[in-house]
Amino acid sequence: LRAARLSAADGVHTERTITGPARVEWFAMHRFVNAWTINDASEARRAWETGVSAIITDRRGEIRAVFG
């Protein structure tokens, strides 16, 4: 994440366990934030509510169903 802050990156892909609200908020002001790999429906909902731009998953159908 530090490298992304210092670079001209358009966004970041953060591992799910370090994708917290403060990080998402900071990066979202400047870039997109995608969280990976989220395969649990409740975790996907929390990540989305935190403000991530996208969720990377191995269970597309399951996670998509969470969002209607």
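Read along the sequence, the protein chain follows the pattern α-β-α-β-α-β-α, with four helices and three strands, where helices (H or I, at least four residues) and strands (E, at least two) are DSSP runs numbered from the N terminus. The model is a predicted one, in which local features need pLDDT of at least 70 and side-chain atom pairs count only at pLDDT 80 or more, while totals for chains, interfaces and linings use all residues. Residues are numbered from 1 along each chain as its sequence is written, and side-chain values use heavy atoms, with hydrogens and water left out.

The three strands form an open sheet in the order S1-S2-S3, with parallel pairing, two strands being paired if DSSP finds at least two bridges between them. Strand S1 (11-15) and S3 stand at the edges, each with a single partner strand, so one side of each lacks a neighbour in the sheet. S1 is joined by five bridges to strand S2 (residues 32-36), to which it runs parallel, and His-13 stands opposite Asn-34 in S2.

Of the 68 residues in the protein chain, 29% are buried, that is, under 20% relative accessible area with a 1.4 Å probe and protein chains only. In helix H3 (residues 41-50), the buried residues are Glu-43, Ala-44 and Ala-47. Seen down the axis of H3, these buried residues fall within an arc of 100°, so they line one face of the helix; the arc is that of the directions from the helix axis to the C-beta atoms. An α-helix has 3.6 residues a turn, so residues three or four places apart point the same way. The buried residues of H3 pack against strand S3 (54-55) and helix H4 (60-66), and H3 is followed by Gly-51, whose phi is positive, near 115°.

S3 and H4 also take part in the largest pocket, each supplying at least two residues of its lining. A pocket is found on a 1 Å grid over the protein atoms alone, as an open set of points where a 1.4 Å probe fits, with protein on both sides within 12 Å along at least five of seven lines, and lining residues have an atom within 4 Å of a point. The lining consists of Trp-48, Ala-54, Ile-55, Thr-57, Arg-60, Ile-63, Arg-64 and Phe-67, and H4 gives the most to it, with three residues.

How values were computed:
Buried means under 20% relative accessible area, exposed over 50%, partly exposed in between (1.4 Å probe, protein chains only). Contact means heavy atoms within 4.5 Å.
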